[in-house]
Amino acid sequence: MASELRELTVLAAHDGYKSGRFTARQVVEYYLDRIQRLDKDPNGPNLNSILAVSTTALAEADALDAHLKSTSSLKGGLHGIPVVIKDQADTKGLTTTYGSIVAKDNVPKEDAALVARLKAAGAIVLAKTTMPDWATSWHSTSSISGVTKNPYDLVRDPGGSSSGTGTAVAADLGLLGVGEDTGGSIRLPSFFCGLVGLRCTPGTISRFGLSPLLVPQDTPGPMCRTVTDAALMLDVLAGFDERDPYTATAVIAGPPKGGSYAANLSMERIKSARLGLLEGTLGPDSDPACHSVNKVINSALKTLQDNGTTLVDVRIPDLAQILSLTFTYPQRSRSDLDAWFARHTFLKTDTKAIYGSKQYHPALDLFEDIALGPGTPERDPTFTSRLLARDRLQQAIISLMAKYELDALAFPDCQIPAPLLKDALAQRWPADTFPTNTLVASQSLMPAISVPVGLTQDQTAPGLPVGLELLGLPYREQTLLELAYGVERIVAARQPPPL
C-alpha cells in the first residue's frame, strides 16, 4: 500500500478513492506515519517541518469516505486531499503561531479564507508548517521552531519563509502545501526543495486570516510536486473575498479558460513559446555554487530550445539598483504588521515591543530593520521615490514582453543552491544581499512560477534541486501554469529526496 501512495497526486488519489483501491483514511494514516518517522522521531531525519498536527484529520477522512460510499460522488475538487499549511494562515482549532514564540498559545476561532475554501472543496487540513518569525527571512530560522532541514541534504536550509511547507511537501509528508510569497517565500523554498511553487498576482487569492509582511506584495499560493496539482489547487484557492479588497481586481481577469487552470495543460505551449532570458540573473561562473546552478539552468534551456522554444536575451538597465530601491520592507512592513497587531489585541504586543523584548530568532536581521523603521512609511523621505521606482520596474518588464513578444521572462529563482544551515544561522547574507532573483516578480507585483529543472552535479554540493522561474503578466497565472507544465514534461528533471 505504501508504495502506491508514495508521491500521490490529486488525480491519482481520486482515482484510487473511486476505484476502491484505497481510502482517504488510509492516505491520512500514510502521511501521519511519515510525519512521525521523518519529521518528529529524533532517531530519523528529524526534519522539523511540522508545528501542529490535526487531531481531527482521521475523523474528517472517515466522513469523506462515508460520503463517497453513500453518494458515489466526491465532495469537491480536493476531496480527501491532505494539505499542509504554512503557519501564517489561521486554522480554526489548530495552533497558529506565525513563526513566533509570542503566539505559541494562539488557537484561532476562525479559518483564514483560503483554509475555508480548501475545506469546502473536501481537503483535509493535516498540519501546520514551520516559518521564520512573521515571515521575515530567506531561511527557516524561527523563535518557536529553530531551523528546519532540507530533505535533499539535512545540513542545508530549505529556504524561507515557507520553510516547513517546502520540506514537508518535498518529503511527502502531505499531498499539497500552502505557502505565502512576499519577496520570494514560495518560490525560494520550491527552488531549494524541488517543488512547483506559484506566486500569484496579489489579489488572486484572499489574504484574510494571514499575518502580513508587506501588504501590496503579499500573496499566498500552492507548493506542490507537480504543475497539475498546483493548477487544481489554484482552482479552489482563487476567488473574490470582500474581506480582502485586493481580490476585487482579480474579478477583471475572469475565470480560467476552460473552467479550470488545468484545462489546457499540454507540452505544446512551451514548444512554441518565446522566453526572455533576463541579463544579470545568473551568478558568476567563478563562484562554484553559482556555476552549479548555471550548469543546470543552461542545460534545461538548451533542452527547451531543442524542442522548439525560442530564447531571447533581454536586459533591464540598472536592474540591481532598481531592485535595491524597490526593497521597501524597512519603510513599510512595521506599519503593516502593527496594523495587524492592533486588530489582534489578544497578542498584547507590536513590532517594537517584540524587538525590545528580544522575542524573535537572533538571526532575523530583516525583522530588526523592520522594527527600527518608521512607524508609517510616509515618515521616510525616500518612500515616494521607491514607489515610483516600482512603477518603472513594472513598466520595464511589460515593455520588454511587448517588444519581443515574450510569453514569460526566465531565470533561476536563486543564483546558488540551498545554503548550509550554519551559514543561515551565522547570517552570512544580510537579507537585502541574498542572491535571490525572486525580487524581480515580487517588487514589480507580477506573478511567477518555479518549476524543477534538475539537480546540481558538482562534487562539493551534489544532488541539490534547481528551479527555473517563469515571470508573466499580471493575472496570467494560467499561461504560466501551461508553460511550466511543458517544462516539467520536457525537461523531466524532478527527483524525490533520498530520505
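Let me start with a term: buried means under 20% relative accessible area. Keep that cut-off in mind. One caution as well: this is a predicted model.

Now, Tyr360 and Phe367. By that cut-off, both Tyr360 and Phe367 are buried. Two more residues pass the same test. Phe191 has a relative accessible area of 1%, so Phe191 is buried. Phe192 comes out at 0%, and therefore counts as buried too.

On to the rings. A pair of aromatic rings is described by two things: the distance of the centres and the angle of the planes. How many aromatic pairs does the count give? It comes to 13. Take Phe191 and Phe192. Their ring centres are 5.4 Å apart and their planes stand at 75°, so this pair is edge-to-face; the cut-off for that class is over 60 degrees. Compare Tyr360 and Phe367. Here the centres are 5.0 Å apart, the planes make 45°, and the pair is tilted. There is also a cluster. Ring pairs link Tyr98, Trp134, Trp340 and Phe341.

Next, charges over rings. Which residue lies over the face of Phe208? That is Arg243, at 4.0 Å from the ring centre. A second case involves Tyr355. The charged end of Lys358 sits over the Tyr355 ring, 4.2 Å from the centre.

Phe208 brings us to the largest pocket. Phe208 is among the lining residues that lie nearest the pocket centre, together with Arg207, Gly209, Leu210 and Arg343. The lining has 28 residues in total. The volume is about 560 Å³. What is the make-up of the lining? It divides into 12 nonpolar, 11 charged and 5 polar residues. Which helix gives the most to that lining? Helix α13, residues 329-343, with 4 residues.

Now Leu325. This residue belongs to helix α12, residues 319-325. Is Leu325 buried, exposed or in between? Its relative accessible area is 28%, so Leu325 is partly exposed; that class runs between 20% and 50%.

Last, the annotation. UniProt, in an unreviewed entry, places the feature "domain: Amidase" at residues 27-481. In this model, that span is 36% helix and 13% strand. Its end C-alpha atoms lie 27 Å apart.

How values were computed: Residues numbered from 1 in each chain as written. Predicted model: local features only at pLDDT ≥ 70, side-chain atom pairs only at ≥ 80, totals over all residues. Heavy atoms only, no water. 1 Å grid on protein atoms, 1.4 Å probe; cavity = no way out; pocket = protein on both sides within 12 Å on 5 of 7 lines; lining within 4 Å. Points joined across faces, edges and corners; volume = space filled by probe spheres on them. Helix = DSSP H or I, 4+ residues; strand = E, 2+ residues; numbered from the N terminus. Nonpolar A, V, L, I, M, F, W, Y, C, P; charged D, E, K, R; others polar. Phe/Tyr/Trp six-rings, centres within 6.5 Å; stacked < 30°, edge-to-face > 60°. Buried < 20%, exposed > 50% of the residue type's maximum accessible area, 1.4 Å probe, protein only. Lys NZ or Arg CZ within 6 Å of the ring centre and 35° of its normal. UniProt positions renumbered as here; feature names shortened; annotations may be inferred.
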